[in-house]
Amino acid sequence: MAPYVHERSRYNLEDGALPTQWYNIQADLAHPLAPYLGADGQPADPAALAAIFPPPLIEQEVSTERWFDIPGAVLDVLHTYRPGPLNRARQFEKALGLPDNVHIYYKYEGINASGSHKANTAIPQAYYNKISGISKLSTETGAGQWGSALSMAGAQLGIEVEVFMVGVSYDQKPYRRIFMECFGAKVHRSPTTLTQAGRAMLAKDPDTLGSLGLAISEAVEVAATHPDVNYSLGSVLNHVALHQTIIGQEAILQMELAGEEPDVVIACIGGGSNFAGLAFPWYLRRKEGKTKTRLLAAEPKACPTLTAGAYEYDFGDEAKLTPQMMMYTLGHDFVPPGIHAGGLRYHGDSPLVSQLVHDGEVEATSVWQKDVFAAALEFARSEALLPAPESAHAIAAAAAEAKAAAEAGEARTILFGLSGHGFLDLSAYENYISGKLQDYDFATGAVVE
């Protein structure tokens with residue numbers, strides 16, 4: 001019998017190939033991003049953000065300069081786990097029964113200790129706050145990936161971290177809490193009695209599952225009321241999307257090594273940082289006439305912001321402490337069901353991604369939770385890599401794209417972002433395998449058996 005050969009094509013860059021600049025898509029939008037609005041309904045003065053953000057991040061938030069140099073101290077830390085790998089998923093292709101002219105690649109971000117792409121912005125955010133004289137950061141986290149990344153970055157760069165973790169995820173993912181505490185962070189189950197926003201919600205609904213919007217309110221309140229504390233956000237905002245663009249820049253070079261140009265680039269989306277990181281550099285490549293790549297964002301049907309939300313001004317948090325942003329939103333007081341992709345349980349989306357979707361530059365699709373986990377396990381069993389539930393939305397969308405191409409008899413090259421591993425999400429997989437996991441239909445507000 002011939003020996004079994006497990007085919008896998010890896011396209012890794014040399015250690016010195018890490019991008020040295022971040023790409024700012026604001027320089028290349030078809031029209032300027034709608035301004036943030038203050039409490040008076042007028043365009044917000046960027047100086048107002050100084051209560052919770054350091055000057056370098058405020059500059060990145062509002063700038064239309066195309067490139068920002070990455071500080072050497074940040075590069076030093078990024079070099080501990082980057083460049084990240086890009087693989088062709090040959091075994092997954094076989095499992096899906098695809099023809100030879102349909103190829104699937106994935107860009108993997110789970111190789112740092114926190115296990116996700118979130119470290120790419122946690123490190124520069126901790127750095128900029130540290131050099132600006134801030135001693136502590138407050139933040140929220142949904143599934144725990146962002147809290148894990150910021151806790152890790154805080155330990156590396158010597159800055160305290162306090163995390164408000166969405167209640168349902170705090171209960172579902174205890175090992176994420178333990179991970180954060182191992183890196184010295186203080187972690188609270190949100191909502192808490194520590195903030196006015198938390199107390200108000202508990203008085204309204206003592207049994208609330210919590211939400212990212214509410215956890216943001218608590219973290220922002222702590223930062224706004226303590227002069228030595230700043231707020232740190234892992235998604236949505238422009239400077240966060242900026243920091244993540246090292247993903248797409250690396251992927252462009254790696255696809256060139258593979259000798260292929262993707263017909264579609266896919267990433268999961270909650271607030272937008274992961275999608276922006278992979279897709280924005282491909283947007284620039286398309287604008288320069290070098291590709292015709294489609295850009296596709298995959299979200300949960302239980303929280304379908306881009307596919308069912310309204311494009312309008314809304315607050316980024318439950319208590320209306322943030323500026324209003326023009327974005328796709330389900331309403332800042334929306335509390336999503338307790339789906340296991342906790343990082344995608346956010347009521348709104350990045351203003352940058354939202355504008356691109358509204359302008360027809362980016363496509364969006366929504367995926368059922370059971371289909372997501374089915375795709376995740378098929379990928380895990382073929383590629384020997386267990387994905388995070390959030391990342392698996394991109395896997396499900398990629399599989400659908402591949403099958404559609406095969407049925408149409410078309411050649412297609414697909415690139416998706418595998419934003420993190422699922423090693424600390426085993427309770428979600430246990431629920432799926434045991435048949436306890438249910439689908440939730442946002443349109444009807446009902447559980448789908």
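The sections below treat the basis of the values, the sheet, one of its strands and the aromatic pairs.

## Basis

The model is predicted: local features need pLDDT of at least 70, side-chain atom pairs count only at pLDDT 80 or more, and totals for chains, interfaces and linings use all residues. Residues are numbered from 1 along each chain as its sequence is written, and side-chain values use heavy atoms, with hydrogens and water left out.

## The sheet

An open sheet of mixed pairing is built from seven strands, in the order β1-β4-β5-β15-β10-β11-β14. Strands (E, at least two residues) and helices (H or I, at least four) are DSSP runs numbered from the N terminus, and two strands pair if DSSP finds at least two bridges between them. Because β1 (9-10) and β14 (363-367) each have a single partner strand, one side of each is left without a neighbour in the sheet. The partner of β1 is β4 (residues 86-88), joined to β1 by two bridges in the antiparallel sense; here Arg10 has Asn87 as its bridge partner.

## Strand β10

Five of the five residues of β10 (residues 264-268) are buried, that is, under 20% relative accessible area, with exposed meaning over 50% and partly exposed in between (1.4 Å probe, protein chains only). Val264, Ile266 and Cys268 point one way from the strand, and Val265 and Ala267 the other way.

β10 runs parallel to β11 (residues 294-300), with five bridges between them, and Val265 stands opposite Leu295. The chain passes from β10 to β11 through helix α12 (residues 273-287) in a right-handed β-α-β crossover, a term for a path from the first strand over the helix to the second that runs clockwise with the strands pointing away from the viewer. Three bridges join β10 to β15, also in the parallel sense, with Val264 opposite Ile414.

## Aromatic pairs

The whole structure holds 13 aromatic pairs. Rings of Phe, Tyr and Trp (its six-membered ring) pair if their centres lie within 6.5 Å; planes under 30 degrees apart count as stacked, over 60 as edge-to-face and the rest as tilted. The Tyr311 and Tyr328 rings, with centres 5.0 Å apart and planes at 40°, therefore form a tilted pair. Tyr311 belongs to strand β12 (residues 310-315) and Tyr328 to strand β13 (residues 324-329), 17 residues apart. Tyr311 is partly exposed at 25% relative accessible area, whereas Tyr328 is buried at 11%.

Phe379 and Phe416 form an edge-to-face pair because their planes stand at 75°, with ring centres 5.9 Å apart. Phe379 lies in helix α15 and Phe416 in strand β15, so the pair ties together parts 37 residues apart in sequence.
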